[in-house]
Amino acid sequence: MDSTQFAHVPTPAPIVERMVRALSAWINPQRALRVLEPACAEAPFLKAFRAHYGSHHRLEGVEICPKEAPSGITVRSADYLLWESPHEYDVILGNPPYGIIGAASHYPLTTFVPQKALYKKQFCTWHGKYNLYGTFLERSVALLRPQGVLAMIVPASWLVLDDFAKLRTYLFERGALRIEYVGKVFPKRNVSAVIVYFVKGEHGVVLTDGTTETAIPEPAPAQMIRFENDAIRAWERSGSPIGSVFRIHFAARSPEFRRSGLVRMHPLCGDVPVLTGRNLHRGRIDYETCYSGWWMRLEDAAHLRAYYRMPHLVVAHTKGTRLVCAFDERGYPWREEFHLLPTERQDVSRMVAYLNHPSVSERLQWMYRDFVPHLTRTMLTKIPL
């Protein structure tokens, strides 16, 4: 697929070289291999493969808007996600497009809205706000021969987001993964990336950043992939997970406020501001500043979320993996953020102090790096109390 239609950019040359060289751990380049690059554009991975391993391999690309094929490389004009290949492949490698298919007002991929229903039907891993790169991983695994090798650079979000739980299970059940965290290597793109090496028919998962390595020999279905060590595992065993002590809710979003008819841009006497993450600080809530631009009556907040009226903990959703928590004693309306209601009586001040302690954020940062730009409900659920 033509990369200009998608939210990705060409792979930096050093990354292409790194990925191609790494394949030597799994392939026998003396044998003629069938090698495929999906969404190949000008086929940088196939060119690098030929340069490193010779011209005796069968090199093929798939591109929805192909240009002139490079010498010695066959490029097929097709939508890779719907393409029926007559072959299985020894190696599939590349940088698939990424983005969520939907309306232009919310998502980057509009060209393929008509095909979205076909994609959803075609791919068993499609779930929630699925990102297109997930379908490329599933399709490529299906096209590999036994012991075949996949090498792709993709965003790191699939390691931890719930929308990719089916994809993680799919990969765990079909082969071994070596995942190299490389961070933000794409110029002018605020996307953290990983290189995924997959060997069909093997077992186990390894996550590395070149210094730290986490091995998961037998991952559980849908398990998040994150950095772990004995200290992290001991910490998580040291108390009850938040998810068993609190009911975790997510606040009303902007469209709900707009549809409610309860908010206004200019306050009337007695109105309170709708709070956002900018009002939330460690151990403190700014009840005065209206960052949202909306005001409403305090007693109307419960029409949006019943728990707003109950004093409860609020945890930031938009602070990366830093944990920011405060106690809302006034029951104000919130736009977004996590809201924690205890299932039993809790020492609120102790909870707030613990969750805001730098050591908690340091552990979260070490485990999840910048895989996603915000703390997720699943990450929050696992924190021990």
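In which handedness of crossing does H6 pass H10? Before selecting anything, note that this is a predicted model, in which local features need pLDDT of at least 70 and side-chain atom pairs count only at pLDDT 80 or more, while totals for chains, interfaces and linings use all residues. Residues are numbered from 1 along each chain as its sequence is written, and side-chain values use heavy atoms, with hydrogens and water left out.

H6 passes H10 in a left-handed crossing, meaning that the near helix is turned anticlockwise from the far one by less than a right angle. Their axes come within 12 Å and cross at roughly 130°, where axes are lines fitted to C-alpha atoms, for helices over the stretch in contact, and angles run from 0 to 180 degrees between N-to-C directions. The two helices are therefore oblique to each other, the term for angles that are not under 35 degrees (roughly parallel), over 145 (roughly antiparallel) or 65 to 115 (roughly perpendicular). Now show the side chains of Ile232, Trp235 and Glu236 on H6 and of Val360, Arg363, Trp366 and Met367 on H10, which make the contact (heavy atoms within 4.5 Å).

Next, select the open sheet, whose 9 strands run in the order S3-S2-S1-S4-S5-S7-S6-S8-S9 with mixed pairing; two strands pair if DSSP finds at least two bridges between them. At its edges are strand S3 (74-77) and strand S9 (213-216), each of which pairs on one side only. Strand S2 (residues 58-63) and S3 pair in the parallel sense over 4 bridges, and glutamate 63 has serine 77 in S3 as its bridge partner. Helix H5 packs on this sheet, touching S6, S7 and S8, and its direction makes about 130° with that of S6.

Stay with H5 (residues 165-174) and colour its buried residues, Leu167, Arg168, Thr169, Tyr170, Leu171 and Phe172 (buried is under 20% relative accessible area, exposed over 50%, partly exposed in between, with a 1.4 Å probe and protein chains only). Besides strands S6, S7 and S8, these residues pack against helix H4 (132-143).

Finally, go to alanine 41 in the loop between S1 and helix H2 (44-53), which has a positive phi of about 50° although it is not a glycine. At 35% relative accessibility, alanine 41 counts as partly exposed.
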